[in-house]
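Colleague: Hi! Could you walk me through this one?
Modeller: Happy to, here it is.

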Amino acid sequence: MRYDIEADWQLLNTCNYRCDYCFFPGEVLGEKTVRYGTPDEWADAFSATGQTFLLHLTGGEPSAYPDFVDLCAALTRHHFISLNSNLTQASLGDFARSIDPARVSVINAGLHPDERTRRRGLEIFNRNLALLHEAGFSIFVSVVATPQVLEAADEVARQVAVPGVVPVPKLLRGSYHGRQYPDAYDAAERDAFRAMSCRARTAYADWRAARSEPPTIDPFADDDFLTGTPTFADRTCAAGSRFVRIEPQGDVFRCGSDTAPQGNILTRTFAPLGGPSPCNSEYCFYFCRKYTDQKYTGPTFTTPLPATPSLVPPYLVKRVGTALHRVLRR
Ligand code: SF4
Ligand code: SF4
């Protein structure tokens, strides 16, 4: 799988679940889904950048997007995808039948035990998990490690019915029941988390060894952050050139913490930064380690880009270049 840029694409805000640890409040999760482009418009716009993307579709719940399977089919003609999903939607059946697993880097299946029980969603989760697993998709199950999950880790693991697939604990982050995590984990919860992480690393050892790179969302080492969130400020990072974050309307940002847009995919104003540069933020869950690691950011560039930052925004350079090209062709 060779691509130029990995993108964390928040396709929509909408979700059918209401997990009490979700970063989005209920009114945002309940929003009507907005489609900013047709599947072909999105696919053409990504291709117009001249880059090959690994697009990590997240939300909200991406498989609830109205054109989900058509969008995946259009995107995977030239690009690769990966998914976060709660595996509740019927669209995943069509997805399993019509999308080539070789174009899908990984599926992170979120278990969400409380919502699953509240909504009687375990059967459909296991049905979709088995379907995608048998169809040859690279898939793992993750679970947000609330104190309740850590206390009932064995019972939670038994909810997953596909043999050999165990839930990987994800660090609880931010405010939960009035306490700030991960700092609020007590010693027993930290031990339980480490045991769960260890079990997951053993269960997925062959699967991980067979991959050429970590999954887009990689919770397998979340136990490294049990005692605090690191800072990556000033570290050289390839976010902005090898990795970007995309919002539902197509606006592109360097990473999760950045608020200065780097253009927009649909209006064709996006251009990647020229190369790695110092981190102007502190931390962005899951992406800092990968994009400050030479293994994934140095010699693997497939599209050589100028290393010197320009005073002119890249999308303007691109626009001027296109206009000049048109004039010269006349
Ligand atoms: S399934 Fe994911 S997006 Fe939906 S409410 Fe739960 S955490 Fe939020
Ligand atoms: S926050 Fe992380 S991903 Fe973003 S620029 Fe800094 S090191 Fe890179």
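Modeller: One term before we start: two strands pair if DSSP finds at least two bridges between them. Helices (H or I, at least four residues) and strands (E, at least two) are DSSP runs, numbered from the N terminus. This is a predicted model, where local features need pLDDT of at least 70, side-chain atom pairs count only at pLDDT 80 or more, and totals for chains, interfaces and linings use all residues. Residues are numbered from 1 along each chain as its sequence is written, with chains lettered from A and ligands numbered from 1 in the order in which they are written.

Colleague: Thanks! How many bridges join β5 to β6?
Modeller: Strand β5 (residues 139–144) and β6 run parallel and are joined by 4 bridges. Ser142 has Val168 of β6 as its bridge partner.

Colleague: What is the strand order of the open sheet?
Modeller: Its 8 strands go β6-β5-β4-β3-β2-β1-β10-β11, and the pairing is mixed. β6 and β11 (252–253) are at the edges with a single partner strand each, so one side of each has no neighbour in the sheet.

Colleague: Are the faces of β6 covered or open?
Modeller: Covered, on both faces: Pro167 and Pro169 on one side, and Val168 and Lys170 on the other, are all buried. Buried is 20 or more other C-beta atoms within 10 Å of a residue's own, with C-beta atoms placed from the backbone. In general, side chains of a regular strand alternate between the two sheet faces.

Colleague: Switching topic, what are the domains?
Modeller: The domain assignment, automatic or from a database, gives domain 1 (5–225) and domain 2 (236–329). Between them, 23 residues of domain 1 are in contact (C-beta atoms, placed from the backbone, within 7 Å) with 19 residues of domain 2.

Colleague: Which element gives the most on the domain 1 side?
Modeller: β1, with 6 residues.

Colleague: Which residues are closest to ligand 1?
Modeller: Cys15, Tyr17, Cys19, Cys22 and Asn86, out of 13 that surround ligand 1; near here is a C-beta atom, placed from the backbone, within 6 Å.

Colleague: Last one, what pLDDT does the protein average?
Modeller: It averages 89, and 90% of the residues score at least 70, on the predictor's per-residue confidence scale from 0 to 100. Over residues 300–330, though, pLDDT is below 50, and this stretch has 22 contacts in the model beyond near neighbours in sequence.

Definitions and conventions. Two residues are in contact if their C-beta atoms, placed from the backbone, lie within 7 Å. A residue is buried if 20 or more other C-beta atoms lie within 10 Å of its own, exposed if 12 or fewer, and partly exposed in between; C-beta atoms are placed from the backbone.
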